[in-house]
Every structure is written in C-alpha cells, then in structure tokens.
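Please follow this account with the sequence and the model side by side.

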Amino acid sequence: MAEVRLNNLTKSYGGVEVIPPLDLTIPDKSFSVLVGPSGCGKSTLLRMVAGLEEVTSGQITIGGEDVTDADPAKRGIAMVFQSYALYPHMSVADNIGFALKLAKTPKDEIRTRVKEAAAILQLEDYLDRKPKALSGGQRQRVAIGRAIVRQPKVFLFDEPLSNLDAALRAQMRVELAELHEKLGATMIYVTHDQVEAMTMADQIVVLKKGEVQQVGAPLDLYNTPENTFVAEFIGMPKMNLLNGATAARFGGDKVGVRPEHLEISSDNPIVSGEVVHAEYLGADTIAHVQSAEAGRVVVRLDGSHPLQRGSEITLSPRPGCLRIFDANGQSLGAA
Amino acid sequence: MRTFDWRDTARIAILLVVAATILFPLAATFLGGFKTSGELRLAPFSLPEVWRFEFYGDVLGNPNFWSYMWNSLFIALLTVFITLMTGAMAAYVFSHIKFFGSDYIMSYLLLGMMFPLAAAVVPLFIKIRDLGLLDTPWGVILPQAAFGLGFSVLLFKTFFDQLPRELFEAARIDGISYIGFFFRFTLPLSTPILGTVAVFVFVTSWNNYLLPLIVLNDSASFPWTLGMMQYRGEFIVEWNKILAFVTLTLVPALIFFLAAQRYIVAGLTGGAVKG
Amino acid sequence: MAVAETNNIISPAQGRPSALKRALSDGRLVTVLVFLPPALLLFTLFVTLPLIEAAGYAGYKWSGYGDPTEWVGMRNFEILQKHSAFHQSLMNTVWVIVASCLLQIPLAMSMALLIYRKTWSNTVFRLIFFAPYILAEVATGLIWSFIFDGDYGVAAMASQALGGEPFFPLSDRTWAFPVVLFVVVWKFFGFHMMIFIAALQGIPEDLTEAARIDGAKPGQITWFVKLPLLKPAIAVSVFFAVIGSLQLFDLIVPLTNGGPSNSTHTIVSYLYTFGLTRLKVGFGSAVGIVLFLITVAFAVVYRNTAMKET
C-alpha cells in the first residue's frame with residue numbers, strides 16, 4: 001500500500017508563498033500526472049515528495065508513513081530527472097546498481113537485480129558503457145533502470161521525456177505506460193505537456209499557481225472541466241470559449257465548445273462567420289473562423305471536407321457538448 | 001600563383017626575432033655547460049669546440065644536487081596535496097551547503113588572493129619559528145598552501161557550481177551522504193580543474209625562493225632554488241659549472257611544462273580572465 | 001474526487017524539527033564541521049594572523065627574541081620616510097609598473113594578435129614565448145646575470161669590440177636597473193600574451209567577418225573591433241602586472257641583489273635586506289604594512305574603476 005498523501009502542504013521561498021495550503025491524494029498503484037504551465041508549482045511539489053525541497057508546513061505521507069522530514073533515500077521513492085542525471089564517471093551497470101551498493105546490498109544480488117532491470121529495458125548490451133556513449137533514448141532507459149532496481153514504493157518522474165525528439169517521445173510514452181502496468185507501483189509524473197498527461201495517466205492533477213484546479217481521470221477532465229483553465233488546458237486544439245451574447249443565451253458568462261464538437265450545420269446554430277484560414281492535416285481539417293459576435297473560433301472538420309478560404313459557414317454544436325461557465329470561470333454544467 | 005605576401009613575411013620575421021630573444025639566453029646556458037671556463041670567456045654563445053660532459057657529470061654526481069631536487073619535489077607534492085584537499089573541501093561546502101555567513105567566510109578566504117606573501121614575511125618568519133617549523137619542509141609547505149587557498153577555492157567553487165545540480169539530487173535519492181558525494185562524485189568529476197590548480201600550485205612551489213629562503217637554513221633541507229644560489233656562491237667565477245647546474249634544474253620544469261601545458265593554459269584563461 | 005479532506009494528525013507547527021536539527025540529521029552540519037576548518041585554520045594561521053601581527057610589530061623595535069617591549073610608536077615609519085634607499089625602491093617599483101604596462105603589455109598584445117589563430121606554427125611560437133614564465137625567477141636572473149656579465153657575455157663582447165675596458169652593466173648605477181626591467185619584460189610578457197590570446201579566441205568569428213563585409217581592412221578590424229572587445233582582458237592584465245610588480249623580489253637577488261649601492265632594490269628586496277636579514281622585526285613589519293596598504297589600495301581602487309567599466 002503506497003498511497004501518497006499531501007496534507008495542508010505549503011511551500012514558501014523567503015516569504016513568497018509558491019504553494020498555498022494544498023491537499024492531494026495519489027492513490028496506490030495509480031499513474032498520476034501533475035500537469036500545468038511552467039511555474040505552476042508542479043515540479044516543486046514533486047521535489048517536496050522526493051525530499052529535495054524542504055516543506056514549509058504541512059505533512060507528506062507515503063504508504064501511511066510520515067516522511068515530511070525524512071531523508072530522500074529513506075522515503076521508498078525513486079526519481080527520474082529531466083536531464084536523466086546519469087553519473088558520467090560510472091558504467092551503465094554501476095549507475096543502475098549505485099543505490100543498492102550504497103545500501104550495502106550483497107554484490108551477487110546487485111548483479112541479478114541490475115540484470116533484471118536491464119532486461120526489462122533492453123539494456124543488456126550496454127551495461128559496460130559509460131553514459132556518454134549512449135543515445136538519448138538509451139540514457140532515458142538507464143535513468144528508469146536506476147529507479148526500477150530499487151523497487152521503490154513510488155516512482156517520481158520530472159518531465160522525463162522533454163529532452164527526446166517527437167518520435168522517441170511517443171514510443172517512450174507507450175513503454176512507460178506498459179512499465180506501470182508491469183510493476184504495479186505508484187507513479188507520479190510531472191509534465192507541461194497535456195498530451196503526455198492524457199495518454200498515460202489514470203489520474204490527472206491540473207495545477208495553476210500552486211493550486212489544484214481539478215483532479216480526475218483524463219476523460220473526466222476532457223468532458224467535464226470544472227473551470228475555464230482546465231477546459232482550455234486539456235485538449236488540442238484548445239476549447240473555444242465564447243462570451244457575450246452567445247454565452248448569455250445559455251445563461252452563463254462564457255460558453256465553451258471543443259473544436260471537434262462543432263459541425264457545419266444550421267440545425268442549432270451557435271456561430272457563423274468567415275473561414276480565414278484552414279490547416280489541412282489529412283485526417284482532419286482545422287478551420288479558423290472569424291465571427292462578428294463571437295470572435296475567432298477554431299473547428300475541427302473531417303479531412304475530406306472541401307473548404308474555401310473566405311467562405312461563410314454556420315456551425316452547430318453536437319448536443320450536450322457545450323460547457324457553461326460563470327463569471328469566475330467555474331463550471332455551471334453542460335448544455 | 002600567389003603573390004608575395006609582405007604582411008605574412010613581416011609577421012614571421014617579427015616572430016622569429018622575438019623567439020630568438022627568448023631562446024638565445026636559454027641556448028647559451030645549455031651550451032655553456034659544455035665549455036671550459038676559458039672557452040666560455042672567449043666564445044660564450046657559439047657551439048662548444050669540444051663537447052665536454054664533465055661539468056654536467058659533476059653536477060649529476062653531486063649528491064647535494066639530488067637532495068635539492070628531492071626536497072623541491074617533496075615540498076611541491078605535499079603543497080599540491082594539501083592545497084587541493086583543503087581548498088576543494090571548503091569550496092564544496094560553499095557550493096552545496098548554504099548557511100548563514102557562508103558567503104562571508106568565502107569572501108574571507110578569497111581576500112587571500114590579494115594579500116602579498118611578501119608583506120607579511122617578517123611576522124610569518126616569527127610565526128613559523130614559534131611553531132617550531134623553521135628548517136622543516138612544513139614551514140614552507142603550510143604557508144604555501146595557505147597562500148594558494150584563495151585562488152584554488154575560487155576556481156573549485158566556480159567549477160563545482162557548474163556540475164549539474166540534478167546529479168547531486170539523484171545521488172541523494174540513491175542514498176549518498178554529503179561527504180560521500182564529495183569523494184565519489186565531486187572529486188572524480190572535477191579532474192580538469194584539480195589538474196589545473198595542481199599544476200599551478202606545483203609550479204609556484206617548485207619555483208619558490210623567498211619562503212624557503214627565510215624558513216630553511218640547513219643546506220640539507222634546501223630546495224633547488226636555494227641550492228642553485230648556494231652553488232653559485234661556491235663557484236662564483238666558474239660560470240660553466242653554474243650553467244650546467246641551471247640547465248639541469250630547468251629540465252624537469254620544461255618537461256613538466258610541455259606535459260601539462262594544456263592545464264596551464266586552461267588555468268590562465270579560466271582563472272585569469274574571469275578573475 | 002481524490003482531493004483529501006484536511007486530516008492533520010500532526011499540526012504543522014509542532015511537528016517541524018528546527019533547521020539545525022535537520023542539518024544535523026541529513027549530515028550537512030557534520031560536513032561543514034569537517035570540511036571547513038582545515039582551510040580556515042591554515043589561512044588564518046599563515047595569512048591573516050601574520051598580517052595582523054605585522055601591524056602590531058610595526059610599532060616596536062624588536063629583534064624577534066623574547067617579547068617585543070620597546071615601543072617606538074611611529075618611529076619605524078619615520079625612519080622609512082627618511083631612508084633614501086626606500087625612496088629608491090619605491091621609484092624602482094614604479095618603473096617596473098611603467099615598463100610592465102607600457103612595454104610588456106603592448107608587446108604581449110602584438111604577439112597575441114600575430115599568433116592567436118590555432119595553427120601548428122603558432123602553437124610552437126606560443127610555447128616558446130610562454131616558456132620564460134614557467135622558469136623560476138631565480139634561474140632566470142642567474143641566466144641573465146651570465147649574459148650581462150662583463151667578463152663573459154654580451155657586455156664583454158660589446159666592450160671588446162669597442163676596445164674599451166670590461167663593462168659590467170649590472171654593477172653600473174645607470175645600466176643596472178634598465179637591465180632588470182628588460183629581464184622583467186622578457187620573463188613575464190608571455191603570461192599576458194596568453195591572457196590576450198584566450199580573449200582573442202573568444203571573439204566570435206562572425207563579428208570580424210561582419211566587419212570585413214562592411215569593408216574594414218585588417219588594421220581597422222584590429223583597432224575598431226578586436227581591441228575594444230579586449231578591454232576586459234587588458235584590465236585583468238594590467239591588474240596582474242601591477243600586483244606582480246609590487247611583489248618583485250626573486251629576480252632581483254641573482255641579478256643585482258639590490259646593488260650597486262642599493263640602487264636597484266624593489267620594495268620587497270628592500271624589506272628583505274633591511275628588515276629580515278638584520279632581524280629588525282618591527283622595521284620589516286612596517287615596510288610590510290606599507291606594501292600591504294599600497295596593494296590593497298590599488299586593488300580596491302582599480303576594481304571599482306577600471307574593472308567596473310569593462
């Protein structure tokens with residue numbers, strides 16, 4: 001049982017509060033992704049769980065045990081860093097086995113466990129190399145291997161894929177998700193990339209300025225965002241937020257509709273305007289529509305859709321796909 | 001066909017003149033050791049008529065010469081070791097452990113770079129005497145290390161700060177202690193800067209004259225700089241012997257320089273231009 | 001909903017250990033207590049204390065044995081002020097500074113401009129020009145005292161050719177110090193050249209290329225692009241030249257040992273000759289204090305003016 005709980009946790013730097021009192025539970029065996037724009041406090045939060053940042057006040061428990069002031073090595077966690085932080089003067093095998101060596105594990109056992117980890121990550125052929133001689137993806141695997149071998153209760157990932165190119169990143173996303181299933185450990189993953197969050201998480205935690213905006217499964221966040229920040233942050237291209245008269249029609253201050261939930265039809269018209277730009281992506285066509293009453297609206301249409309720049313179109317939302325928000329940006333429900 | 005490049009010709013000509021000015025006295029010194037006194041007087045700068053190896057042989061056969069060299073080496077190696085260890089340990093604290101006043105303590109050590117050893121040489125002599133270190137190598141080693149600290153702490157701190165922070169954090173999570181990180185990570189990963197500082201401290205110590213001059217009285221404990229001046233005193237008019245002696249003392253320095261020039265240049269550019 | 005309700009078992013305030021306790025438990029305190037004292041002790045014992053004691057001793061007449069008891073106030077400084085050999089040593093030090101800045105640094109700069117590009121032949125020249133810097137000063141002095149020996153070297157040849165009496169420039173009041181200055185330049189210009197070479201190599205190539213496309217000739221590129229960018233390096237170079245000049249000693253001993261008739265002393269060789277060899281601890285300390293004050297005053301003023309601007 002390795003549930004991670006943050007109770008009334010705060011963090012201040014020299015009197016400036018970067019994390020206001022925060023409560024959060026990361027369920028046992030979950031893959032939880034902390035996501036938000038840069039400066040939202042997600043990395044600070046992760047580093048506090050790791051013990052690399054001091055807690056200003058509040059409490060952290062891992063598996064029911066209070067670790068608020070415990071040494072990073074004694075929390076039952078392992079961490080994978082953005083830069084991988086591989087030890088440049090040690091071989092891959094020594095990198096992976098270093099924590100075990102410090103814990104005075106018998107040599108034979110270190111060797112077996114390093115081999116196991118290497119097998120999981122397909123690193124067997126590289127065990128004698130120095131990190132310098134590895135590719136980006138291999139380094140990433142070594143960093144993960146270093147975490148696996150300790151058999152931690154909780155894995156912490158700090159933007160581990162942001163130094164990889166797009167293709168490798170997509171591949172590693174799949175591998176990480178599979179690894180999570182195989183190991184069945186709790187994982188906390190920090191990223192600014194909502195795609196990573198959506199594809200890997202059981203639970204997403206959206207953060208803004210140190211405050212939790214919403215916690216939930218990826219599709220819950222996508223379908224029922226609790227406020228405009230989450231609505232805009234999750235989903236690509238981002239949700240259209242219409243205000244003024246259009247919103248007033250639905251009894252809110254703003255009304256949100258995702259680009260993929262709009263279609264060209266006049267059944268239930270919400271916006272009409274001129275197509276100012278269209279991106280043809282093959283499978284989809286992303287059209288930017290300029291409307292007099294609602295401003296710029298983005299709509300995702302079928303790729304086969306013939307669309308002329310300058311043509312006038314009228315758009316209707318799919319039923320039940322409108323999100324209504326009040327003046328503070330809080331959700332008032334669907335329409 | 002290329003036209004005659006007067007610019008490049010002038011450039012090479014100037015460089016050759018300056019190089020000749022540098023090499024001329026060194027060559028004269030080297031050659032002088034092969035000549036008799038009489039020949040040296042008549043033809044100080046030409047090639048020797050007969051290459052006589054006896055003056056070089058005399059020096060090499062002189063046990064004092066070897067004792068001077070050994071003393072210099074001993075003093076230099078220990079100075080390097082102590083400067084590196086104390087300097088790196090202090091710089092590690094300044095780089096990794098912030099505490100109230102740590103900045104002041106570092107500034108205090110850095111001030112040492114400004115203080116000339118010569119200004120305090122008289123009280124330093126009294127201090128060394130009162131500590132009972134006169135006529136011991138420690139009387140030279142410890143003050144040399146102390147005066148080298150500012151420079152080495154500055155270079156070490158700059159270098160340690162540039163080591164990736166995440167390396168330290170990853171190792172902390174793996175369970176290493178602060179002291180363990182210093183020995184297992186900081187030192188092995190800092191060989192370039194350790195080498196640079198070591199070379200500088202070594203050369204400074206190897207060439208030092210003033211401090212041994214005031215500390216050491218017994219010629220058995222003399223480094224070669226003092227030994228050379230003593231030798232000169234003994235053979236005041238026999239320049240050929242003195243020149244042979246000087247040449248032989250310069251050989252290790254020149255070999256060392258050629259071997260370590262990469263570090264020396266790195267130290268100059270890193271230490272000097274940033275300083 | 002996964003946001004936990006606040007269930008503080010331990011209230012934040014009472015559960016937090018003090019900063020000191022935490023530093024102790026994670027090993028920081030021990031590290032500081034083990035790693036810092038050796039450096040501090042060494043530095044305090046052999047650098048700071050002697051300097052402080054110099055200030056104390058300067059008020060005494062003391063031979064170094066027993067306790068200093070004969071308080072003479074400012075007498076040592078008054079003697080210094082009246083001693084013509086000290087005036088001479090100050091003047092000589094000024095001359096070393098002047099020669100360093102006006103001969104040595106321009107020479108170093110010229111050589112750096114000629115050989116800063118990375119080619120095989122330039123590396124050889126660089127090593128040759130830098131070689132004197134790593135020679136010991138005493139060895140350098142000894143070699144040049146041979147070259148300028150009136151019975152043997154250049155001076156002997158010159159006087160023979162002119163048919164005159166043997167001429168000993170290092171024993172000549174007019175010529176001795178110019179020879180010292182020459183040797184200083186010979187020995188140290190390579191050091192400054194290395195600083196300039198590093199700085200020149202740090203100038204981005206596209207900057208000089210842009211100037212060339214703008215129509216600048218090589219001389220103009222040097223004057224309008226390179227030299228202005230070298231200002232910080234020149235400032236550093238001058239700083240080292242002055243600090244080094246103030247401490248010049250080793251070279252003097254084999255060349256002239258301060259003679260003839262104390263005309264070639266520098267501040268430090270004066271200090272050594274009149275303070276240390278005669279064990280006038282108080283007097284030597286007074287000279288040391290003067291040297292210290294000059295050095296610190298220069299360093300402070302220079303860092304706040306010349307080094308700040310660049």
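In this predicted model, chain A is assigned domain 1 (4-227) and domain 2 (237-334), the bounds coming from an automatic or database domain assignment. The C-alpha centres of domain 1 of chain A and domain 2 of chain A are 38 Å apart. Seven residues from domain 1 of chain A and nine residues from domain 2 of chain A make the contact, where contact means heavy atoms within 4.5 Å. About 590 Å² is buried between these two domains of chain A, and carbon and sulfur atoms give 45% of it; buried area is the accessible area (1.4 Å probe) that two parts lose on being put together, summed over both. On the side of domain 1 of chain A, the residues that lose the most area to domain 2 of chain A are Tyr222(A), Pro225(A) and Asn227(A), which together account for 72% of what that side buries.

Residues are numbered from 1 along each chain as its sequence is written, and chains are lettered from A and ligands numbered from 1 in the order in which they are written. Local features need pLDDT of at least 70, side-chain atom pairs count only at pLDDT 80 or more, and totals for chains, interfaces and linings use all residues, while side-chain values use heavy atoms, with hydrogens and water left out.

Between domain 1 of chain A and domain 2 of chain A there are zero salt bridges, a salt bridge being a side-chain nitrogen of Lys or Arg within 4 Å of a carboxyl oxygen of Asp or Glu. Three residue pairs (both at pLDDT 80 or more) are in polar contact across that interface. A polar contact is a pair of N or O atoms within 3.5 Å; within protein, one must be able to donate a hydrogen and the other to accept it, and residues adjacent in sequence count only if both atoms are side-chain atoms.

The UniProt record, in an unreviewed entry, lists residues 4-234 of chain A as "domain: ABC transporter"; such annotations may be inferred rather than shown by experiment. Residues 4-234 of chain A are 36% helix and 26% strand, with helices (H or I, at least four residues) and strands (E, at least two) taken as DSSP runs numbered from the N terminus. For chain B, UniProt lists residues 69-260 as "domain: ABC transmembrane type-1", also from an unreviewed entry. That span of chain B is 78% helix and 0% strand, and its end C-alpha atoms lie 19 Å apart.

Where chain A meets chain B, 25 residues of chain A are in contact with 14 residues of chain B. The two chains bury about 1700 Å² between them, 63% of it on carbon and sulfur atoms. Tyr87(A), His89(A) and Leu102(A) supply 30% of the area that chain A buries there, more than any other three residues. Three salt bridges are counted between chain A and chain B; one of these joins Arg172(B) to Asp71(A), with the closest N and O atoms 3.0 Å apart. H2(A) gives the largest share of the side of chain A that touches chain B, four residues.

Chain B also meets chain C, with 91 residues of chain B in contact with 87 residues of chain C. About 8100 Å² is buried between them, 82% of it on carbon and sulfur atoms. One salt bridge is found across this interface, and Lys127(B) and Glu53(C) form a salt bridge through their side chains (3.0 Å, N to O). Helix H13 (residues 239-274) of chain B gives the most to the side of chain B that touches chain C, 16 residues.
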